[in-house]
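Please read the sequence and the structure side by side before turning to the report that follows. The headings take up one topic at a time.

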Amino acid sequence: MLSDITIGQYFPGNSFIHRVDPRVKLGMLFFIIVAIFVLDTRADYAVFCLVVAALVQSSRLKPNMLLKALKPLWWILLFTFIIHLFSTPGTSILHVWIFDMTIEGAEKGFFLCLRLALLIVFSSILTYTTSPLALTDALEEIMSPLKHIGVPAHELAMMMTIALRFVPTLISETDKIMKAQRSRGSDFTSGNILERMKRLVPILVPLFISSFRRADELAMAMEARCYRGGVGRTRMKEMRISDTDYMALFIFAVILVILIGLKAVGI
Amino acid sequence: MMSIEIKELAYTYMRGTPFERKALEGVSLDIPKGSYVALAGHTGSGKSTLIQHMNGLLSPDKGSVVVDGTDINKKSDAARKMRRKVGMVFQYPENQLFEETVAFDIAFGPLNLGLDEAAATKRVKKAMELVQLDYDKYKERSPFQLSGGQKRRAAIAGVLAMQPDYLVLDEPAAGLDPQGKEDMMQMVKSLHKGGTTIVLVSHDMDDIARFADKLVVMDGGRIIFDGKPMELFSDREKTEHAGLRLPKLTSLLLSVREAGFDVDVTMTDMDKAVEMIAGMIRERKCRNAK
């Protein structure tokens with residue numbers, strides 16, 4: 001059922017990776033993404049894969065959770081691979097009609113897919129090991145210098161926090177309404193697309209009504225507690241850079257140096 | 001067999017993830033046709049999970065649910081039809097209303113059953129009569145303009161229009177004012193009198209003592225009591241052990257008995273009980289005067 005879905009995808013834990021400051025993690029993810037695009041030698045790819053393995057090992061995530069993260073992209077990956085396979089000039093292995101399947105194409109396709117997969121996997125490791133709240137807090141901190149040029153960093157982060165907070169609520173609400181309508185003989189699994197869309201009305205209308213009511217109540221509750229935006233607001237949990245973070249940054253720097261070194265040598 | 005037969009039911013939420021949680025384990029239960037069964041237990045004891053198995057909203061990991069002789073988790077037309085014989089009124093059912101008018105909303109179920117408009121309208125009329133909403137007055141109204149209690153009755157009518165043989169209600173009186181609550185309980189009682197089998201999830205022991213002829217208590221995904229309500233309530237210790245509170249009247253009668261009067265603690269009618277106690281006191285006074 002719907003209630004079996006995990007959104008936010010955070011798997012609580014207390015590993016080294018879990019304990020690294022979310023700002024540091026976000027920063028590292030940014031550099032890793034840049035690195036994946038810039039550093040494209042085979043040895044670099046090997047290092048990236050080793051890093052993924054090490055991260056999975058130390059954060060005690062189950063490897064099949066990463067496969068699950070890749071699942072929605074399966075078709076895109078396959079498509080990318082096939083396009084490259086047939087559109088790259090080189091040594092032909094198979095000739096189909098006007099297309100040539102080439103060794104160079106297979107290689108290029110494989111590495112591009114690997115690159116895409118690495119992007120997803122690294123981002124998933126971040127969301128798997130960082131609670132959504134910690135992530136939005138980190139985003140707010142990172143965006144806070146932009147406040148001076150009028151970017152409402154706090155408001156944006158608050159909106160994200162609230163949205164994330166209500167995802168499980170909305171899912172359970174949807175689940176409940178679906179069950180209620182199914183008990184009244186509604187069937188969501190058969191019929192053509194048009195019929196299925198029509199059947200969503202009995203779910204969406206109650207869902208919208210309860211969402212508006214909830215938003216109203218939340219606004220009232222926030223006002224009752226004198227919420228007035230981010231100015232002068234302090235935090236209950238201050239984020240501090242700790243030894244763990246220095247350690248993480250050090251390891252990260254070593255990995256980057258290795259990656260750049262490999263690229264420079266050109267293996 | 002005309003009943004809902006639940007055998008060795010087991011169910012686990014979010015199987016195979018770190019969030020796995022056992023909700024039901026080895027639950028066996030019989031709900032005979034024509035009975036009024038109350039289901040009690042703490043929040044998280046598995047009541048909601050159990051009732052969702054009764055019309056196939058959840059399918060069990062282990063065990064079976066057999067309604068009137070048909071296993072409802074089989075993939076057959078007969079099973080699908082039988083699931084519809086069990087009506088389900090969730091908590092705050094007014095949250096399921098969506099149509100433009102009350103009549104359309106109530107007709108949603110019958111139309112899903114494949115009835116034509118005339119037959120559906122007939123059912124709408126009957127269902128509204130059962131929940132005491134005047135058809136001519138309310139049929140054209142938007143369900144969102146009704147009062148809280150009326151909305152709930154309209155939503156329940158939406159379930160009754162399916163003409164279920166079994167009706168499962170999850171705290172139908174939650175959030176209603178005392179009068180609304182009493183009206184709701186009387187309505188359920190009259191449905192029961194009309195031949196519908198009732199399964200009532202309730203935290204109100206007074207209601208359970210007054211109306212139910214069978215009480216099932218759950219704790220930690222298991223059934224810890226299954227019998228006549230008074231079998232449990234007439235024993236203060238057993239009731240507390242089951243994590244329940246005594247009905248007010250039973251508590252009073254037990255105290256009276258502990259004070260040395262020979263009263264029938266299984267009474268559920270407040271007026272009769274008061275009369276009986278008053279009579280005994282008068283009798284004792286007379287005796288003392290002599």
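## The contact between the chains

How many residues does the contact take from chain B, and how many from chain A? In this predicted model, 25 residues come from chain B and 23 residues from chain A. The area buried between chain B and chain A is about 2,100 Å², and carbon and sulfur atoms account for 60% of that area. Within chain B, the residues that lose the most area to chain A are B:Leu57, B:Asn95 and B:Phe98, which together give 25% of what that side buries.

## Polar links across the interface

Across the interface of chain B and chain A, the rule finds one salt bridge. The side chains of A:Arg184 and B:Asp105 meet in a salt bridge, with a distance of 3.1 Å from N to O. Polar contact across this interface of chain B and chain A is found for six residue pairs, with both residues at pLDDT 80 or more.

On the side of chain B that touches chain A, helix H3 (102–112) and helix H6 (148–160) of chain B each supply at least two residues. The largest share of that side, five residues, comes from H3(B). When the side of chain B that touches chain A is sorted by class, there are 15 nonpolar, eight polar and two charged residues.

## Chain B as a whole

The secondary structure of chain B comes to twelve helices and ten strands, and the C-alpha trace of chain B spans about 75 × 50 × 35 Å along its principal axes. Of the 290 residues in chain B, 51% are buried. Among the contacts in chain B between residues at least 6 apart in sequence, 61% join residues at least 24 apart.

## Cysteines

Is A:Cys113 buried or exposed? A:Cys113 has a relative accessibility of 12% and therefore counts as buried, since the cut-off for buried is under 20% relative accessible area. In chain B, B:Cys286 is partly exposed, because its relative accessible area is 48%, a value that lies between the cut-offs for buried and exposed.

Terms used
Residues are numbered from 1 along each chain as its sequence is written. Chains are lettered from A and ligands numbered from 1 in the order in which they are written. This is a predicted model: local features need pLDDT of at least 70, side-chain atom pairs count only at pLDDT 80 or more; totals for chains, interfaces and linings use all residues. Side-chain values use heavy atoms; hydrogens and water are left out. Contact means heavy atoms within 4.5 Å. Buried area is the accessible area (1.4 Å probe) that two parts lose on being put together, summed over both. A salt bridge is a side-chain nitrogen of Lys or Arg within 4 Å of a carboxyl oxygen of Asp or Glu. A polar contact is a pair of N or O atoms within 3.5 Å; within protein, one must be able to donate a hydrogen and the other to accept it, and residues adjacent in sequence count only if both atoms are side-chain atoms. Helices (H or I, at least four residues) and strands (E, at least two) are DSSP runs, numbered from the N terminus. Ala, Val, Leu, Ile, Met, Phe, Trp, Tyr, Cys and Pro count as nonpolar, Asp, Glu, Lys and Arg as charged, and the others, Gly among them, as polar. Buried means under 20% relative accessible area, exposed over 50%, partly exposed in between (1.4 Å probe, protein chains only).
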